[in-house]
Amino acid sequence: MVLGIESSCDETGAGIVRDGKLLAHVVASSMDEHALFGGVVPEIAARAHLQAFNPVVREALDQAGLRLGQIDAVAVTTGPGLSGALQVGLAGAKTLAYAAGVPLYGVHHLAGHVAADTLEHGPLPTPCVVLIVSGGHTSLLLVRDLVREPIVHLGDTLDDAAGECFDKVARIMGLSYPGGPAIDRAAREGNPRAVDFPRPLTRPGDDPYAFSFSGLKTAAARWVGKHRAQGLDLPVADGAAALQEAVADVLTRKALAACTAYDVTTLIVVGGVAANSRVRALAERRCTAAGVELRVPPMTLCTDNGAMIAAVGDLLVRSGAEPAPLDVSIDPSAPLEYASLTPRPQAGAGARAA
C-alpha cells in the first residue's frame, strides 16, 4: 500500500495505490483563490496546502478503508514546483512515514504524470513516446523502464509551455483563469481556420522535437491588440479556436514524428493540457492514421494529483529501489532524468539534486 502526496503547485493531492491499482484519489484545489489574481500566488498556495494536507490524507485513507498503520510506503513530490508548496508536502510526508514506520520515496513530479496513465491502462509499453503538456512543462520523451532507466528527452519547450500560452492568451482575451479550460470552452463556438496563427518550429531545418510557444502567444496578443486599436469587437471564439488548433497541431505533429523516427507504436499524452478536447481529438485522429496506439489518462488524472505520485512510489517499491535518505530535500527546478528524485540539502546553497 503506497500513499502518494502531491503539493507542487495549487493542488493538494493524496492517493493510494497497491500493485498498480488505484484505491483512493483525493484532491483539494486552491485555484479559486488564485483566480482573483489571474495566476498562482506561491504564498497562497503554500498556506492552502497547510490547511488541506490533513483532511486530504484522512479522506484518502477513509476512501481506501485503511488506517495509517496499514500503509507500507509514502511517496512525495520533491520537485519541480513552487518551493514553499513542495516544502509543505515533504514535511507532511516525512511525518506520515515516520509515524507509520515506513520508507519514504522522493518522486519527480513529471514522472508522476507519466505514471498516471498506468492507473487506467496498465503497465507502460516498452518503449513508448510520452508527450507531457502542462502549464509549466512541454516535453517529448522516450521512455523504456520508467523507474529503472534514465528518461530520454527528445525535445522540450525553449520558452513558454503550451499551458502557459493558453493562460496568458486567455488573460489577454478577457477570459477567466485557468486559461486552458477557458480557451477550450470558448473554442467550441469558433472557427479554427478564422485566424492563421503560426506553427512554431515546424519549418524544414527546425528542431523536429523542440517546442516554442512564446511567438504564438505574441501573435495572438497582436491579433487582439489590432482589433482593439481599430475599435472592433473581438471574435473571442474564433481566436480561441484558432489558437487551440495551432497548439494541438504542433504538439501532435511532433509527437507522431517522434513515434515514426523511433519506431514506437504507442504514444502517451499526459499533463493538464492533455485534458484539452482538441489536443485529444487531433491526437486520436493522427494516431489512428499512423497505426499508433494512443493512451491518455482520464481527465481527473491529467491534472496534478497524489494518485500519480503513489503510482510512481508503487513502481519504485516493486522494483526494489532504495528509499529516500532521512535528509531528503526539495529541488524546485529539478530536471527530469529519473523517476526517483532525492535531492539533499547543501550548505551555502539551495536544494539541489544529489
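# A first look at this predicted chain

With a relative accessibility of 3%, Leu90 counts as buried, a word used here for residues under 20% relative accessible area, while exposed means over 50% and partly exposed lies in between (1.4 Å probe, protein chains only). This is a predicted model, where local features need pLDDT of at least 70, side-chain atom pairs count only at pLDDT 80 or more, and totals for chains, interfaces and linings use all residues. Residues are numbered from 1 along each chain as its sequence is written, and side-chain values use heavy atoms, with hydrogens and water left out.

**Around Leu90**

- Leu90 sits in helix H3 (residues 83-100); helices (H or I, at least four residues) and strands (E, at least two) are DSSP runs, numbered from the N terminus.
- Apart from neighbours within four places in sequence, Leu90 is in contact with Val76, Thr78, Leu104, Val328, Ser329 and Ile330, where contact means heavy atoms within 4.5 Å.
- Gly106 is 16 residues from Leu90 in sequence, and their C-alpha atoms are 8.6 Å apart in space.

**The whole chain**

- You can find 12 helices and 10 strands in the chain.
- The chain has a radius of gyration of 20 Å, close to the 20 Å that the globule rule gives for 354 residues, so it is as compact as a globular protein of that length; the radius is taken over C-alpha atoms, and the rule is 2.2 Å times the number of residues to the power 0.38.
- Along its principal axes, the C-alpha trace spans about 65 × 45 × 45 Å.
- Take contacts between residues at least 6 apart in sequence: 72% of them join residues at least 24 apart.

- Buried residues make up 51% of the 354 in the chain.
- Helix H4 (residues 109-116) is mostly covered, with 8 of its 8 residues buried.
- Those buried residues of H4 are His109, Leu110, Ala111, Gly112, His113, Val114, Ala115 and Ala116.

**Charges and salt bridges**

- There are 29 positive and 37 negative side chains, and the centres of the two sets lie 3 Å apart; Lys and Arg count as positive and Asp and Glu as negative, with His and the chain ends not counted, and each charge is placed at NZ of Lys, CZ of Arg, CG of Asp or CD of Glu.
- The whole structure holds 13 salt bridges, each a side-chain nitrogen of Lys or Arg within 4 Å of a carboxyl oxygen of Asp or Glu.
- Lys168 makes a salt bridge with Asp160, their closest N and O atoms being 3.9 Å apart; Lys168 is partly exposed at 31% relative accessibility, whereas Asp160 is buried at 8%.
- Lys168 also meets Glu164 in a salt bridge (2.7 Å, N to O), and both lie in helix H6 (residues 162-173), 4 residues apart, about one turn of the helix.
- Glu245 and Arg278 form a salt bridge too, with 2.7 Å between the closest N and O atoms.
- Glu245 belongs to helix H9 (residues 236-261) and Arg278 to helix H10 (residues 277-290), so the pair ties together parts that are 33 residues apart in sequence.
- Glu245 counts as buried at 15% relative accessibility, while Arg278 is partly exposed at 22%.
- Salt bridges with shared partners join Asp160, Glu164, Lys168 and Lys217 into one network.
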